[in-house]
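Please look over the sequence and the model below.

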Amino acid sequence: MIKRIELVNFMSHERTVIEPSDGLTVLVGPNNCGKSAFVTALQILCHNAKSSYVLRHGAKECEIIVETDDGHIVKWSRKKSGSPKYVINGEEFDRLRGGVPSELHEILGLDKVNCEKDPFDIHFGEQKSPIFLL
C-alpha cells in the first residue's frame, strides 16, 4: 500500500506531500488547485505515460516519489531536456523507451489488466471519459 506520495516541480506543485490513510483518502478542493495532478502523477509513475507537459514552469526537473508501507521507495523523474528515469530502492533505470521497470508492478501492483483487445487500466479512470465496471 502507498503510504506517501511526493510531487516536486510537478505541474502546479512546487513540493507537495500526501500521506494517504489506511482506508479511503479523498482529495477535496476548489477547481484548478492541483488535485488531478496526483492522479496524473500516479498514471505516469505506473505506465511511464507521455510526460513532456508536467514540468513546472521554470523548473529544470520534476519528480514523483512514492513510498510503500513495506519499505519500498520508487522515484520517477524527468529533466527539461531528456527522457524519464526511475530509481527503485536505490537502483536506477533509464532508457526505457516508454516502458517501465518490471520491479515497478511487483512493488505497486497497479499494472494494467490484459484482455482480448488492449490492456485495460482498472486503477485509473480518465476524467473526461469515465469507465464503468459491471
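## Model and salt bridges

This is a predicted model. The structure holds 6 salt bridges. Arg4, Glu6, Arg15, Glu19 and Glu67 are linked in a network of such bridges.

Glutamate 6 and arginine 4 meet through their side chains, at 3.0 Å from N to O. Glutamate 19 also forms a salt bridge with arginine 4, and here the closest N and O atoms are 4.0 Å apart. Glutamate 19 sits in the loop between β2 and α1, while arginine 4 belongs to strand β1, so the pair ties together parts that are 15 residues apart in sequence. Arginine 4 has 16% relative accessibility and so counts as buried, because the cut-off is under 20%. Glutamate 19 has a relative accessible area of 58%, which is over 50%, so glutamate 19 is exposed.

## Glutamate 6

Glutamate 6 is part of strand β1, residues 2–10. Is glutamate 6 buried or exposed? Glutamate 6 is buried, because its relative accessible area is 10%. Its side chain has a polar contact of 2.9 Å with the side chain of arginine 15. Leaving aside residues up to four places away in sequence, glutamate 6 touches Arg15, Thr16, Val17, Glu63, Ile64 and Ile65.

## Glutamate 63 and lysine 75

Glutamate 63 counts as buried because its relative accessibility is 16%. Lysine 75 is partly exposed, with a relative accessible area of 26%.

## Positive phi angles

Most residues other than glycine have a negative phi. Which phi value does methionine 11 have? Methionine 11 has a positive phi, near 50°. This residue is found in the loop between β1 and β2. Methionine 11 has a relative accessible area of 30%, so it is partly exposed.

Arginine 95 also has a positive phi, of about 55°, although it is not a glycine. Arginine 95 lies in the loop between β6 (91–93) and α2 (102–108). It is exposed because its relative accessible area is 73%.

## Cysteines

How many disulfides does the structure hold? The number is 0. Cysteine 33 is partly exposed, at a relative accessible area of 38%. Cysteine 46 is buried, at 1%.

## A nonpolar surface patch

Leu24, Val26 and Val28 form a nonpolar patch on the surface. Together they have about 380 Å² of accessible area. Leucine 24 is found in the loop between β2 (13–18) and α1 (35–47). With 73% relative accessibility, leucine 24 counts as exposed.

Conventions: Residues numbered from 1 in each chain as written. Predicted model: local features only at pLDDT ≥ 70, side-chain atom pairs only at ≥ 80, totals over all residues. Heavy atoms only, no water. Patch = residues over 30% accessible without salt bridge, like charges linked within 9 Å, V, L, I, M, F, W, Y side chains within 5 Å. Areas by Shrake-Rupley, 256 points an atom, 1.4 Å probe, with all protein chains shown as cover. Helix = DSSP H or I, 4+ residues; strand = E, 2+ residues; numbered from the N terminus. Buried < 20%, exposed > 50% of the residue type's maximum accessible area, 1.4 Å probe, protein only. Polar contact = N/O pair within 3.5 Å; in protein donor to acceptor, adjacent residues only side chain to side chain. Contact = heavy atoms within 4.5 Å. Disulfide = S-S within 2.5 Å.
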